[in-house]
Amino acid sequence: MAKLNYTHLRAFHAVAHEGNLTRAAESLGVAQSAVSTQIKTLEERLGHALFERRGRALHLTEAGRIALDYADTAFDAGTELVETLAGRGAARQVLRVGALATLSRNFQLSFLRPLLGQPDVSVVLRAGSLGELLAELEALRLDVVLLNEAPRHDAATPWRSHRIDDQPVRLVGHPHRLPAGRPVADILRDTPLVLPSEGSTLRSQFDRICDRIGVTPVIAAEADDMAMLRLLVREDAGLALVPPIVVRDELEAGLLVEAEQLEDLHEAFWAITLPRQFPNPLLARVLRDTPRT
């Protein structure tokens with residue numbers, strides 16, 4: 001098998017980072033036609049197109065994104081030469097994970113735990129809105145997006161939604177707010193609550209339960225961030241409506257306690273992926289090994 005020509009790979013690397021043939025040719029000190037020829041030769045050698053043109057812009061294909069990861073590693077390897085010769089170097093795999101900015105940090109940690117501490121693995125975490133994360137996933141800049149609600153999709157956006165966890169949601173708070181044996185309906189009538197913001201899936205479920213049992217809750221605070229809900233309940237602003245995983249440490253320490261379950265109130269956690277010709281092998285590991293909590 002013929003070896004890879006690293007001159008061709010460097011031309012590809014330059015265009016991928018510059019996003020433009022002209023600037024890449026200038027940075028390499030060669031003619032633009034030479035860069036085009038080198039990339040075409042590399043594509044023929046690899047058997048895959050590395051770029052697709054959209055208007056005047058060049059965008060990496062899925063194969064191009066993978067090739068860029070390897071090219072980055074190859075051209076950064078000089079600084080790691082000493083470690084490699086000393087036996088400490090290792091080819092690293094990267095998993096790029098996007099998570100809704102409001103998603104439980106404890107859940108994210110549980111999802112990534114199978115990879116943490118692995119010497120040959122790097123994890124890149126990005127937070128954002130639903131639209132931002134799905135756009136990054138579609139552009140192949142993320143391998144997986146973590147959400148607490150499966151996104152709508154159609155033939156133009158063929159997401160794969162993996163339901164990886166489902167847990168009950170409880171009212172939690174300082175022990176003095178939850179005396180033993182007191183009915184949940186009575187607690188909801190006169191105890192201040194810290195709730196997810198209106199419009200969230202969890203809040204909508206809770207509001208329907210309150211309507212059904214004829215209770216108007218006393219709302220002390222609302223937040224769209226689970227980390228903020230955790231801080232508010234720690235400060236005893238009221239009882240928080242959260243999955244127990246959000247306040248797991250506080251529950252284990254006895255700082256907070258749980259009320260009985262609110263009917264069938266649950267929150268699901270989802271991993272969203274896209275079908276790929278070259279799936280990231282690390283993704284299969286976390287989807288298989290994520291502990292159910």
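User: How do you know whether F12 is buried or exposed?

Analyst: This is a predicted model, and the label rests on a value computed from it. Buried means under 20% relative accessible area, and F12 has 0% relative accessibility, so F12 counts as buried. F51, with a relative accessible area of 14%, also falls under that cut-off and is therefore buried.

User: What makes F12 and F51 an aromatic pair, and why is the pair called tilted?

Analyst: Rings pair if their centres lie within 6.5 Å, and those of F12 and F51 are 5.5 Å apart, centre to centre. Planes under 30 degrees apart count as stacked and those over 60 as edge-to-face, with the rest called tilted; the angle between these two planes is 55°, so the word tilted applies. The pair links distant parts of the chain, since F12 belongs to helix 1 (residues 6-18) and F51 to strand 1 (residues 51-54), 39 residues apart.

User: Why is the pair of F107 and F269 called stacked?

Analyst: Here the planes are at 15° to each other, with 4.1 Å from centre to centre, and because planes under 30 degrees apart count as stacked, that is the label. F107 is in helix 6 (residues 105-112) and F269 in strand 12, so this pair ties together parts 162 residues apart in sequence. Both F107 and F269 are buried. The search of the whole structure finds two aromatic pairs.

User: What makes helix 6 largely enclosed?

Analyst: Of the eight residues of helix 6, six are buried, so the rest of the structure largely encloses this helix. The buried residues are N106, F107, Q108, S110, F111 and L112.

User: How do you know that strand 1 and strand 2 pair?

Analyst: Two strands pair if there are at least two bridges between them, and strand 1 and strand 2 (residues 57-60) have four bridges, in the antiparallel sense, so they meet the condition. One of the residues already discussed takes part, as F51 has L60 in strand 2 for its bridge partner. The two strands form a hairpin with two residues between them, and G55 in the turn has a positive phi of about 65°.

User: Why are strand 4 and strand 6 said to stand at the edges of their sheet?

Analyst: The open sheet has five strands in the order 4-3-5-12-6, with mixed pairing. Strand 4 (121-128) and strand 6 (160-168) each have a single partner strand, so one side of each is left without a neighbour in the sheet. Neighbouring strands of this sheet are turned by 20° against each other on average, direction ignored. Within the sheet, strand 3 (residues 93-100) and strand 5 (residues 144-147) pair in the parallel sense over three bridges, and V97 stands opposite V144 in strand 5.

Definitions and conventions. Residues numbered from 1 in each chain as written. Predicted model: local features only at pLDDT ≥ 70, side-chain atom pairs only at ≥ 80, totals over all residues. Heavy atoms only, no water. Phe/Tyr/Trp six-rings, centres within 6.5 Å; stacked < 30°, edge-to-face > 60°. Buried < 20%, exposed > 50% of the residue type's maximum accessible area, 1.4 Å probe, protein only. Axes fitted to C-alpha atoms, helices over the stretch in contact; angles between N-to-C directions.
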